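Trainee: I am new to this one. Please pick a single part and take me through it closely. What should I look at, and which residues matter for the view?

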Amino acid sequence: MTSRSALLMAPALAWLTGLMVVPCALVLALAFFRRGIYGGIEYTFTLENFGMVLNPLYAGIFLNSARIAGTATVIAVIIGYAAAYAIAASPRRLQPVFLFFAVLPFWSNYLIRTYAWIVLLNREGLVTQLLRWLGYEGEPPALLYTEGAVITGLVYNYLPFVVLACYAPLSRLNPELAEASRDLGATALTTFRRIVLPLTLPGIAAGAVFVFVLSIGNFVTPALLGGGRFQMIGNLVYDQFLTANDWPFGAALSMALIAIMLLLLTLQAFAAERASSRVVVREDAT
Amino acid sequence: MKTLLSIDAVSKNFGRVVAIDDVSLAIRENEFFALLGPSGCGKTTLLRMLAGFETPSGGKILLDGKDISNVPPNRRPVNLMFQSYALFPHMTVRANIAYGLEMERLPAEKIRGRVDEMLATTQLAALADRKPEQLSGGQRQRVALARALVKRPRLLLLDEPLGALDKKLRATMQIELKRLQHEVGITFVIVTHDQEEALVMADRMAVLRDGRLLQCDTPHEVYERPADRFVADFIGVMNFCQGRLDASGVGMPDGSCIRGRLPEGAAAGASATAAVRPERILLRPTGDVDNRAAGTVEALAYHGLDLQLHLRTDLSERPFLVRVTADAADRQPLAVGDRVEIGWSAADTRIFKD
Ligand SMILES: Nc1ncnc2c1ncn2[C@@H]1O[C@H](COP(=O)(O)OP(=O)(O)O)[C@@H](O)[C@H]1O
Ligand SMILES: [Mg+2]
């Protein structure tokens with residue numbers, strides 16, 4: 001590396017070191033200490049925090065989080081892919097407009113967007129009122145503080161990522177490929193399954209990993225829409241640091257979570273790399 | 001020969017754009033048919049209607065006497081080779097070719113057999129396991145052809161199949177395509193904007209302009225007896241002299257007359273154009289010729305086999321083109337600035353009403 005490029009990279013490196021590497025290293029170090037009897041930290045080396053992560057109680061919360069995040073991911077991918085497909089199939093000049101509306105929620109605050117769902121799903125919220133208006137007369141349905149509410153919130157918040165990630169390969173797909181498939185005798189459904197879907201899979205994978213990684217570590221949505229009844233890892237970590245005052249255990253949980261995320265992101269990066277790597281074209285004599 | 005495909009008064013418009021305007025054509029069994037016309041004249045639109053990707057705004061398309069205008073593309077015994085080839089990038093050459101047969105739900109070993117056979121016919125066997133991105137332009141073109149041919153369609157449509165290839169490869173592939181068509185015995189309809197390509201390959205050809213059919217005949221007839229001035233200009237090289245019709249030909253502004261066969265319903269005095277091909281013009285004619293003129297050599301273009309003479313005359317604004325064989329040029333050397341006499345017969349003169 002020349003001194004010049006080192007100089008240019010310095011701010012970015014400093015930023016990464018100060019805000020990513022150092023805090024992560026601190027949290028990692030924390031995970032190897034013992035919790036003090038009255039909270040605080042006792043500086044003796046131990047592995048029992050990691051042992052506790054594997055305790056069925058906590059492992060169960062991990063699995064539960066993965067299940068909720070997985071469900072949100074599947075739903076977001078189905079809706080997001082369908083939306084991206086519809087946008088890519090609309091007239092060229094309207095596509096930027098539709099995309100703009102798809103990402104519009106991003107311009108508002110995450111908390112506000114989540115509170116909006118509370119207003120909608122409340123006991124006498126807008127959804128219940130709508131049902132009443134349609135003639136429903138029974139007890140108001142329990143919508144808020146359910147797993148469904150948490151999943152709805154996660155899907156809603158991360159849907160734009162999926163739309164954008166799927167739109168990119170869909171809009172680049174040569175429409176003549178689908179026509180060629182039809183021409184060779186395939187039905188519309190077979191054409192989708194064998195041509196369109198495989199060629200846009202990298203976009204789906206990118207969107208899915210994004211939603212899953214962001215969902216599994218989320219603690220705001222489960223706290224607000226799940227009403228604290230649905231413990232996800234994010235909430236557990238939050239509790240360890242701010243309520244239970246067990247920082248070492250919270251740190252160990254964080255590390256486990258980060259490990260899962262890194263693994264997924266790495267796998268996705270590898271898959272994307274493999275999909276986009278182009279073999280050098282060989283010009284043989286024809 | 002039996003008619004395979006009838007295009008019966010077909011029109012197609014996209015909003016206000018009329019892409020195909022009342023075209024009627026009959027394509028015969030086992031024929032190599034070319035659709036020729038300048039870019040934007042509606043060739044691709046017509047082909048897409050035959051393949052089933054567009055429905056005609058008017059008229060009917062009949063295959064073996066049955067109206068197929070509203071049959072979807074996957075149920076037509078017709079295959080299209082796309083201008084962009086449209087090979088499936090995530091599949092190998094073999095999988096691309098097998099795809100169409102899998103859609104017919106043929107047994108696996110039968111598919112294998114027919115794919116192998118087609119790989120051999122198109123000399124692709126060595127490349128069977130490559131992906132399209134690992135192939136050269138010419139190889140991709142052969143895969144696209146193989147993928148369509150392996151279905152054994154009643155009709156194969158080819159949209160500018162050689163457009164993406166360089167000139168030399170194109171000449172080879174023209175002969176190759178014609179050989180292949182003969183071998184497989186399938187009717188080919190090929191679209192091209194290259195008149196030379198149509199002349200070389202086609203049994204019969206149709207010339208289109210602005211969505212309308214101008215002429216449909218054998219290449220020889222279209223070349224020798226073009227239906228109108230546009231066709232005459234579009235196919236090959238032609239010299240035009242504009243004037244007014246009189247009793248025996250076209251009267252020139254300078255008072256001379258170019259003799260030729262008068263078009264039907266010719267009214268004396270009407271504006272008309274006389275046309276003659278460069279290869280029909282004699283240099284320094286001896287004896288009796290119907291039409292004579294003189295001009296100054298403006299340029300000489302050497303083409304290997306022959307020499308193209310650009311002659312400044314009083315007959316037209318554009319220089320007169322005269323083809324001289326290399327042999328004749330050797331016998332009578334020419335130089336820029338020379339004054340030469342030319343002549344040609346009335347039988348070789350076409351006259352078009354303007
Ligand atoms: N899908 C379409 N929508 C609107 N206009 C079209 C469409 N397809 C073709 N056209 C128009 O129809 C005319 C003929 O086009 P095309 O068949 O592609 O010509 P060619 O293949 O001879 O170059 C052109 O003016 C083109 O702009
Ligand atoms: Mg075209």
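Mentor: Start with α4(B), which gives the largest share of the lining of the largest cavity, 3 residues. Helices (H or I, at least four residues) and strands (E, at least two) are DSSP runs, numbered from the N terminus. This is a predicted model: local features need pLDDT of at least 70, side-chain atom pairs count only at pLDDT 80 or more, and totals for chains, interfaces and linings use all residues. Residues count from 1 along each chain as written, chains are lettered from A and ligands numbered from 1 in written order, and side-chain values use heavy atoms, without hydrogens or water.

Now the cavity itself. The structure holds 1 cavity of 30 Å³ or more. Its volume is about 50 Å³. A cavity is a set of points on a 1 Å grid over the protein atoms alone where a 1.4 Å probe fits but cannot get out; lining residues have an atom within 4 Å of a point. Points join across faces, edges and corners, and the volume is the space filled by probe spheres set on them.

Chain A supplies A:Ala180, A:Asp183 and A:Leu184. Chain B supplies B:Leu80, B:Met81, B:Phe82, B:Tyr85, B:Ala144, B:Arg147 and B:Ala148.

The side chain of B:Thr44 puts an N or O atom 2.6 Å from an oxygen atom of ligand 1. B:Lys43 uses a backbone N or O atom, 2.9 Å from a ligand oxygen. At B:Gly42, a polar backbone atom is 3.1 Å from an oxygen of ligand 1. On its own, ligand 1 has 560 Å² of accessible area, and the protein covers 58% of that (Shrake-Rupley method, 1.4 Å probe).

Last, step back. Chain B is divided into domain 1 (3-224) and domain 2 (237-353), bounds that come from an automatic or database assignment. Taken over C-alpha atoms, the two domain centres are 39 Å apart.

Note on methods: On a 1 Å grid over the protein atoms alone, a cavity is a set of points where a 1.4 Å probe fits but cannot get out, and a pocket is an open set with protein on both sides within 12 Å along at least five of seven lines; lining residues have an atom within 4 Å of a point. A polar contact is a pair of N or O atoms within 3.5 Å; within protein, one must be able to donate a hydrogen and the other to accept it, and residues adjacent in sequence count only if both atoms are side-chain atoms.
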